[in-house]
Amino acid sequence: MAEYSRPSYSCRNCRNPLASGIHLLSKSYLAKSGQAYLFSEAKNIVEGEKEKRQLITGLFKIADIHCSNCGQLLGWKYLKAYDFKQKYKEGKFIIERAKIAKEY
């Protein structure tokens, strides 16, 4: 029942559902457009090319993620963390707050 009381998040462009509030881990991240959220799961996305990228918290192998419906760049997926302290991010998703809409 708790799942139904939490919001879900969709693409701001086309309202394609992207993530459930039960998978929201943190709102304390930054991305190109500002605030970003960390999710344990995301759906209706397409992963881009894998690349190594130096981020604020270290070096990671990531893939940009796009909305599967309209192609909007949403954020990225952490594929590999090279710093042991950042391993918890592997397999998780950063979605920029400016790119999503909260649905109830």
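1. The largest cavity is lined by Lys32, Arg53, Asp64, Leu73, Gly75, Trp76 and Glu96. The model is a predicted one: local features need pLDDT of at least 70, side-chain atom pairs count only at pLDDT 80 or more, and totals for chains, interfaces and linings use all residues. Residues are numbered from 1 along each chain as its sequence is written, and side-chain values use heavy atoms, with hydrogens and water left out.

2. On a 1 Å grid over the protein atoms alone, a cavity is a set of points where a 1.4 Å probe fits but cannot get out. A pocket is an open set with protein on both sides within 12 Å along at least five of seven lines. Lining residues have an atom within 4 Å of a point. Grid points are joined across faces, edges and corners, and a volume is the space filled by probe spheres set on the points.

3. How many cavities of 30 Å³ or more does the structure hold? There is 1. The largest cavity has about 40 Å³ of space. β7 gives the largest share of its lining, 3 residues. By class, this lining divides into 4 charged, 2 nonpolar and 1 polar. Here Ala, Val, Leu, Ile, Met, Phe, Trp, Tyr, Cys and Pro count as nonpolar, Asp, Glu, Lys and Arg as charged, and the others, Gly among them, as polar.

4. The largest pocket holds about 200 Å³ of space. Its lining consists of Ser28, Tyr29, Leu30, Ala31, Lys32, Arg53, Leu55, Ile56, Thr57, Trp76, Tyr78 and Lys89. The classes are 7 nonpolar, 3 charged and 2 polar. Lys32, Arg53 and Trp76 line the pocket and also the largest cavity.

5. Which strands each supply at least two residues of the pocket lining? They are β3 (24–31), β5 (45–55) and β7 (73–81). β3 provides the largest share, 4 residues. Strands (E, at least two residues) and helices (H or I, at least four) are DSSP runs, numbered from the N terminus.

6. An open sheet of 3 strands runs in the order β2-β1-β9, with antiparallel pairing. β2 and β9 (100–103) are at the edges with a single partner strand each, so one side of each has no neighbour in the sheet. From one strand to the next, the twist averages 30°. Axes are lines fitted to C-alpha atoms, and angles run from 0 to 180 degrees between N-to-C directions.

7. Strands pair if DSSP finds at least two bridges between them. β1 (residues 8–11) and β2 (residues 17–20) are joined by 3 bridges. Ser8 stands opposite Ser20 in β2. Between β1 and β9 there are 4 bridges. Ser10 has Ala101 of β9 as its bridge partner.

8. β1 and β2 form a hairpin with 5 residues between them. Arg15, in the turn, has a positive phi of about 65°, although it is not a glycine. Arg15 is partly exposed, at 49% relative accessible area. Buried means under 20%, exposed over 50%, and partly exposed in between (1.4 Å probe, protein chains only).

9. Asn44 sits in the loop between β4 (34–39) and β5. Its phi is positive and near 60° in a residue other than glycine. Asn44 is partly exposed, with a relative accessible area of 32%.

10. UniProt lists residues 7–104 as "domain: Yippee" in an unreviewed entry. UniProt positions follow the numbering used here, feature names are shortened, and annotations may be inferred rather than shown by experiment. Over residues 7–104 the chain is 61% strand and 0% helix. The end C-alpha atoms of that stretch are 5 Å apart.
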